[in-house]
Amino acid sequence: MLCVYPYDLHQEYFVEIIDGMAMDLDQFSYSEFKQLALYCHRVASAVALLSVEIFGYKNRTTLKYAQNIGMALQLTNIIRDIREDAERGRIYLPLDEVSRFNVKTDDLLSLKSSPELVELLKYQSHRAKQYFHQAMTALPDDDRYNQRASLIMANIYKATLSEIEQDDFQVMQYRVSLTPLRKFWIAWTTARAQKRWENPAA
């Protein structure tokens, strides 16, 4: 297995990312979450797994953190970018769940919002938050400082998801994003909070 020196970057992760990009070439929707989860793993969790190798870790449980945080970030992306994706003819919501919530794919592609869509997105948001929770639960204390860049990203995305929720999921109307100042504040406070884990044995 080829690894990239000096980091233990396994070739399989790079292949997974390429396979994920290839899925976007000819697949514009996913019939169920199992299929979407594979896509999310390839385009996001594989990147997170490479990142933790670069950042460094002591406990292999951190790899579980990477897998889950990648899923959480990508699912948040899907909710945030639903309008932009629909404009390109793409639906990254599982079609069986779209149907279950009585949302029509034609309405999604026509950028129409509805109470049914809001309920569907609440369901997707709950799933994303579950992955955030699983990620944070899996991250060992002695790896928190090394993974502070990842934690900054996670907290920015969690704040974005919270903004979308507070805005009642009006993502078909406009793209919700944080101001640069708020992102900076989240980054600074997150990094500062991890300082206490810099030398946990000291």
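**Helices, pocket and cavities in a predicted model**

Helix H2 (residues 33-55) carries a kink of about 45 degrees that is centred on His41, the bend at a residue being the angle between axes fitted to the seven residues ending there and the seven starting there. This is a predicted model, in which local features need pLDDT of at least 70 and side-chain atom pairs count only at pLDDT 80 or more, while totals for chains, interfaces and linings use all residues. Residues are numbered from 1 along each chain as its sequence is written, and side-chain values use heavy atoms, with hydrogens and water left out. Helices are DSSP runs of H or I with at least four residues, numbered from the N terminus.

**Helices**

- Just after H2, Gly56 adopts a positive phi of about 95 degrees.
- The 20 residues of H3 should span 28 Å at 1.5 Å a residue, and its end C-alpha atoms are 29 Å apart, which agrees; the expected span is 1.5 Å times one less than the number of residues.
- H3 is largely enclosed by the rest of the structure, because 17 of its 20 residues are buried, where buried means under 20% relative accessible area with a 1.4 Å probe and protein chains only.
- H7, with 24 residues, reaches 35 Å from its first C-alpha to its last, close to the 34 Å expected at 1.5 Å a residue.
- The buried residues of H7, among them Leu117, Leu121, Gln124, Arg127 and Phe132, pack against H2, H3, H4, helix H5 (95-100), helix H6 (105-109) and H8.

**Gln124**

- Gln124 lies in helix H7 (residues 115-138) and counts as buried, at 4% relative accessibility.
- Leaving aside residues up to four places away in sequence, Gln124 touches Ile79, Leu93, Pro94 and Glu97, a contact being heavy atoms within 4.5 Å.

**Largest pocket**

- The largest pocket holds about 270 Å³ of space; on a 1 Å grid over the protein atoms alone, a pocket is an open set of points with protein on both sides within 12 Å along at least five of seven lines, a cavity is a set of points where a 1.4 Å probe fits but cannot get out, and lining residues have an atom within 4 Å of a point.
- Of the 17 residues that line the largest pocket, Val47, Ala48, Ser51, Leu73 and Met153 are the closest to its centre.
- H2, helix H3 (61-80) and helix H8 (148-166) each supply at least two residues of this lining, and the largest share, seven residues, comes from H3.
- The lining of the largest pocket divides into 12 nonpolar, five polar and no charged residues, with Ala, Val, Leu, Ile, Met, Phe, Trp, Tyr, Cys and Pro counted as nonpolar, Asp, Glu, Lys and Arg as charged, and the others, Gly among them, as polar.

**Cavities**

- The structure holds two cavities of 30 Å³ or more, a volume being the space filled by probe spheres set on grid points that are joined across faces, edges and corners.

Terms used: Buried means under 20% relative accessible area, exposed over 50%, partly exposed in between (1.4 Å probe, protein chains only).
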